[in-house]
Amino acid sequence: MNVSQGRSSVILLIFFSVGFIFLIRLFTIQVIDDSYKASADDNAIRKVTEYPARGLIYDRKGKLLVYNEPVYDLMIIPKQAKNTDTAQFCKLVRITSSEYADLFRKAKNYSQVKPSIFIKQLSVETYGTLQEVLFKFPGFYVQPRTLRKYPDPMAAHLFGYIGEVDTNITKKDPYYKEGDYIGKSGIEQSYEKVLRGKRGTRTMLVDVFNREKGSFHEGKFDTSAVAGQNLTLSLDATLQAYGEKLFQNKVGGVVAIDPSSGEILACVSSPGYDPNLLVGRMRTKNYATLLFEPTKPLFNRALMAYYPPGSTFKLINDLIAEQEGVLFPNTAYYCDGGYHMGSQTVKCDARHGSLTLQMAIAHSCNTYHCYVFRSTMDQKRFKTSEEGYLNWRNHVLTFGIGKRLFSDLPQELKGNVPSVDYYDRYFGKGRWKSSTVVSLSIGQGELGITPLQMANTMCIIANKGYYYVPHIVKAISDSAGISPHFMEKQYTDVQAKYYDIVIDGMESVVESGTAAGSKIKDIVVCGKTGTAQNPHGRDHSLFVGFAPKENPKIAIGIMVENGGWGSDWGAPIATLMIEKYLRDSISRPELEKRMFEGVVLPKIYMEERLKEDKKKQEKKDSLATKAIVAERKK
Amino acid sequence: MRNQGGILQNIDRWMVVIFLLLVAMGWVSIYASVYNDEHQSILDFSQNYGKQAIWIGGSLLIALSILIIDGKFFAAFSYPTYIIFILLLLVVLVVARDVKGAVSWIDIGSFKLQPSEFAKFATNMALAKFLSTLDIRMKDLKTKIVSLLIIGLPAVLILLQNDTGSALVYAAFVFVLYREGLSGNILIFGFLAAVLFVMTLLVPKIVLFSVIGGIGLVFYFFVRKKRQNILIIAAGVLIASAIVFSVDYAINHVLQEHQRTRINVLLGKEIDPKGAGYNVNQSKIAIGSGGVFGKGFLQGTQTKYDFVPEQSTDFIFCTVGEEWGFVGSFVVIGLFMILLWRIIYVAERQRSQYSRIYGYGVACILFFHLMVNIGMTVGLAPVIGIPLPFFSYGGSSLWSFTILLFVFIKLDAYRLEILR
């Protein structure tokens, strides 16, 4: 009996040891180790995102420019998609059965039980027919999304476009998750945070097949989506459309600004494109096509293209010289058809004889302005020409040239005013002087200025000494307003009293000078033509101006690539836009017709166009297939 | 004797109360594990808990009937019962239904019977009967062989049904044999064999053989003076090597693919949380997420939403772990431990050898189920599909455990009437 007593104890001991081991194990995984709780949440808690509607965009008169159109992503949960009548399904969503097989495999590889996009952005029509019979296809459901829609295709560069976020952004900004959309250029980019609204989340409990089983803690942690705020632009849609029409078959850009506020009224970059092309399923394909166009329609010339300002820059040089006390309204120089420096001559378009400032502006005399520039730079108080140049350059910078204006358009570039370093490198230190860089006096040389900056200099002259940072957004709904940065006057260092004579000169330009052909009856336009030499081909045609002379309402800067004389295309188009904006009717239908019909495509584009026509078609086809393949791979 | 009429008079209240508690907790867990908003009625017979309610009702009736039956009956009918169930197991092999790769069910109308569940009970009876026969000595080779046959026959038949888990349960009878006089070396041998088994899978064979040889040498230096011991050591080394070889062979040639992966997953040799390791991984997540006090009744997400497979049958313990936490798990394991202790205690007080041996059989079967089932859910044992006694959903299992336990309770209640 003793033996058996011992044996029953041994057996009990074994039983209890196992029970004890279990308790230790349970204590470890239930009490000590926290990772299981996280895994459990991972399993059963699914955050469902509610996407807010993106803000709408209106023009200054309240016309709707950008809105949202619902589209429907067809989603799939492969595990639940069983016994699908593939033939009927393919017919409904217009794909072939082999495409179906590919898409299904792709979805399955991603996850059997997690939803993924089967077909992106079904049209409303496809959705309509599909929705009625969707119950026949378990595992498929439709998730609404919105796409941007532009009722009047215009101002594509201004609006920019929306695309899926890339990993750089998702890494930096925790707000964005894979598959989210974000503004990628233009207003969509710079006002992304205003337009996007606030995402909502619902925390749902899901079962192993990812079926929703009710909300977590009765929705205690849920937030609802807040729609994005609407933007009212300062853009005048009528003027913008008119500008784009005038620019058809031409390359270049024009910017019109209200000088009294810095509000951008029009901003045309030509060639443009239909913003509806960069939306939705066809975006990748269309983007690729546009990217390879020889005329570079995606390039926003109004904000990004540097052009030598040519004669339009004389105005700035005059103002600086006045401020420096080396130029007065009655200062006279003699023009014998050119400005001579030893063996070199800067040619003038005519023998102007002796003229004073106003006439020198009106007739755009090169000789006169060479004297003006050199007198500014070679003042006695400067010990070196470097010092004189720096003084001049600092003046120029205050006109918003050679630096970013920090408008609310993201692609804006700063242009170029050559630095002392640049000349030192180019000519050698101390081996250059005012005569070496005299081409700056007539806006040539290394100067680069964008149409936006051109228009901005006109705001400065119209305002006699200051500008407001140009901006495109006039008001944001539900918000105190736009940034105060746009309300501050930015002063130049040329005093107000020096502007009058320049303005008079500009009046003469249109009244009787180089732009006399673009005169508008009863509107006093102050302007200046420019013809910028261009090493790549014909001269660029430029015009800057503002109107009316008293109490200016619009300032404009325009550039027509390879347009020849400033008076050929720049001045007519600019004054037509001024007239359209101020009067809404055109008193010069002949001129308007000529501008509409004129073709000023740079030669290089023309040739390329013919040459590329065949290639393009082939490329288009292959790119389209590539784009589709890439899209699928995502 | 005293008060012959009251059948509830002499029964062991400990065991009955624990039985009722476990069954009740089991039902609550089944209810929670399959609960959803659409089926809230506790007697919805389309749901597992509704059906289980019927099985529980049935099992109470069975328990009551057993208590009414004359205590002499069981010993007398041990062999016939055994033979009947052996025959039934044979029938199953011919007409059975395939449930998850194992063929173990007989359909009788809409009623499904799983003879392998009841065969444990029959085997226990037969073994008790055989070992309680007068002048049977455990030391005799004949006794050993006959015992092995009684235990082995149903096990082999069940193995042929491809229900490895249920067959393994019969290994539990080794404790009964040990209690009745089988050498304790068998337990040590079994333990060492298990260690070798695991080592074979984890350690390269060349290392393993060197270790076995090394241990043999060490022993040799200690005991080399006695020739007999040297022989024993040589035999030990040989046997150990033989085990290693046969385990290796069995793993690679006898075991089926899924069994092999389950073992590898358990040993951490394969990590496959979506495939073979899915069950255990999800089961650990469910139990682990319960914390100290659990998520509360019906608040479990892992079991309710089907992340844990078989959550009302083999993995029922997950619901306990998730909804009642460590405290709940402690209570359940504690109750089982008390039950096992009580069975052993009661078995030892039997005057009848038959009753005692039968009691040990009950304890060993319950223990083996408990060890493998809970071990599996917490990732300490390979996934072997055997139910948790009294807890898991399923009529055959519940009824067979009820019968198993209540026959013992009846035998105990009847003990005072037995003259040895």
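Biologist: How many helices and strands does the secondary structure of chain B come to?
Modeller: This is a predicted model, in which local features need pLDDT of at least 70, side-chain atom pairs count only at pLDDT 80 or more, and totals for chains, interfaces and linings use all residues; side-chain values use heavy atoms, with hydrogens and water left out. Residues are numbered from 1 along each chain as its sequence is written, while chains are lettered from A and ligands numbered from 1 in the order in which they are written. Helices (H or I, at least four residues) and strands (E, at least two) are DSSP runs, numbered from the N terminus. By that rule, chain B has 16 helices and three strands.

Biologist: How far apart do the C-alpha centres of domain 1 and domain 2 of chain B lie?
Modeller: Domain bounds come from an automatic or database domain assignment. In chain B, domain 1 is 13-182 + 261-417 and domain 2 is 188-254. The distance between their C-alpha centres is 34 Å.

Biologist: Does Asp314(B) count as buried or exposed?
Modeller: Asp314(B) sits in the loop between α13 (278-288) and α14 (316-348) of chain B. Residues it touches (contact means heavy atoms within 4.5 Å), not counting those up to four places away in sequence, include Asn373(B), Met376(B) and Pro387(B). Buried means under 20% relative accessible area, exposed over 50%, and partly exposed in between, with a 1.4 Å probe and protein chains only. Because its relative accessibility is 17%, Asp314(B) counts as buried.

Biologist: What share of the 420 residues in chain B is buried?
Modeller: The cut-off is the one used for Asp314(B), which counts as buried at 17%. For chain B, the share is 53%.

Biologist: What radius of gyration does chain A have?
Modeller: The radius is taken over C-alpha atoms, and the globule rule is 2.2 Å times the number of residues to the power 0.38. A compact globule of 634 residues would come near 26 Å. The C-alpha atoms of chain A fill a box of roughly 140 × 60 × 45 Å along the principal axes. The radius of gyration of chain A is 33 Å.

Biologist: Which are the edge strands of the open sheet in chain A?
Modeller: Five strands form this sheet in the order β12-β11-β22-β21-β20, with antiparallel pairing; two strands pair if DSSP finds at least two bridges between them. An edge strand pairs on one side only, and that applies to β12 (263-270) and β20 (526-532) of chain A.

Biologist: Which residue stands opposite Leu542(A) in β22(A)?
Modeller: Strand β21 (residues 540-547) and strand β22 (residues 554-560) of chain A pair in the antiparallel sense over seven bridges. Opposite Leu542(A) stands Met559(A).

Biologist: What angle does the direction of helix α20 of chain A make with that of β22(A)?
Modeller: Helix α20 (residues 570-583) packs on the sheet and touches β11 (252-258), β12, β20, β21 and β22 of chain A. Axes are lines fitted to C-alpha atoms, for helices over the stretch in contact, and angles run from 0 to 180 degrees between N-to-C directions. The angle is about 150°.

Biologist: What distance separates the C-alpha atoms of Gln411(A) and Arg594(A)?
Modeller: Gln411(A) is in the loop between α16 (385-397) and α17 (420-427) of chain A. Leaving aside neighbours within four places in sequence, its contacts include Lys184(A), Gln189(A) and Leu303(A). Arg594(A) is 183 residues away along the chain, and the C-alpha separation is 32 Å.
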